[in-house]
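Open the structure in your viewer and keep the selection tool ready. Each stop tells you what to select and what is there.

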Amino acid sequence: MSAYWPSLLGGMLLGLSASLLLVLDGRIAGISGIVGRLLLGRRAALNAAFVAGLVAGPFAYAALFGALPALTVAAAWPVILAAGLLVGVGSRMGSGCTSGHGILGLARLSPRSIAATATFLAAGILTATLGGLLG
C-alpha cells in the first residue's frame, strides 16, 4: 500500500466529518471551539461526541491497518508543551484554528479564514525554519 493512502483517507474522513457537522448542525468543525464549548459545558453531548471521535481515531486506524503509523517526535516535552500552549492562545486570538479556518473557512472562501490560514502557515514555516537554524 502506498504511504499516502492513510493520509488521503484521514483527510477525506476529516472533510466528511466537518461537512456533516456543518450540514446537519450548522456548526463549523473547529476543534478549538469544540473543546472550548465542551469545557464550558455548552452543547456538551455533541462536543463530547466529536472529541471522542478524535480520540477513537487512532484505534480505528490500528484496527483497519493492523498497527499505528510510525511516528517520531524530535522535540523535547517542554518545547512541545510550549508550542501547544502558543497554538491554543493563537487559535483563541484568531477566533479559530487550522481545522475551522483551514478546512471549512477556505472551502467557503471566507476572507478571514484565508488570512488566518496564511498567517498560520507563515508562522509555522518561520518557526520551523528558526527551530532548524537554532538546532
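Start with helix 2. Its buried residues are Ser32, Gly33, Ile34 and Arg37. Buried means under 20% relative accessible area; exposed means over 50%, and partly exposed lies in between (1.4 Å probe, protein chains only). Helices here are DSSP runs (H or I, at least four residues), as are strands (E, at least two), and both are numbered from the N terminus.

This is a predicted model: local features need pLDDT of at least 70, side-chain atom pairs count only at pLDDT 80 or more, and totals for chains, interfaces and linings use all residues. Residues are numbered from 1 along each chain as its sequence is written, and side-chain values use heavy atoms, with hydrogens and water left out.

Select Ser32. Why does Ser32 count as buried? Its relative accessibility is 16%, so it falls in that class. Show its contacts (heavy atoms within 4.5 Å). Beyond neighbours within four places in sequence, Ser32 touches Ser91, Arg92, Gly96 and Cys97.

Step just past the end of helix 2. Gly41 has a positive phi there, of about 80°.

**Helix 2 against helix 3**

Select residues 31-39 and 44-65. These are helix 2 and helix 3, packed at an angle of about 130° with axes 9 Å apart. Axes are lines fitted to C-alpha atoms, for helices over the stretch in contact, and angles run from 0 to 180 degrees between N-to-C directions. The two helices are therefore oblique to each other. Oblique covers what is left after roughly parallel (under 35 degrees), roughly antiparallel (over 145) and roughly perpendicular (65 to 115).

Which residues meet here? From helix 2 come Ile31, Ile34, Val35, Arg37 and Leu38. From helix 3 come Ala44, Asn47, Ala48, Phe50, Val51 and Leu54.

**The nonpolar core**

Next, select Ala18, Leu21, Ala29, Ile34, Phe50 and Leu104. These 6 residues form the largest nonpolar core. Such a core is a set of buried Ala, Val, Leu, Ile, Met, Phe, Trp, Tyr and Cys residues joined through side-chain atoms within 4.5 Å.

Stay on Leu104. Not counting residues up to four places away in sequence, Leu104 touches Ala18, Leu22, Ile28, Ala29 and Ser99.

**Zoom out**

Show the whole chain. It has 6 helices and 0 strands. Its C-alpha trace spans about 45 × 40 × 30 Å along the principal axes. Of its 135 residues, 17% are buried.
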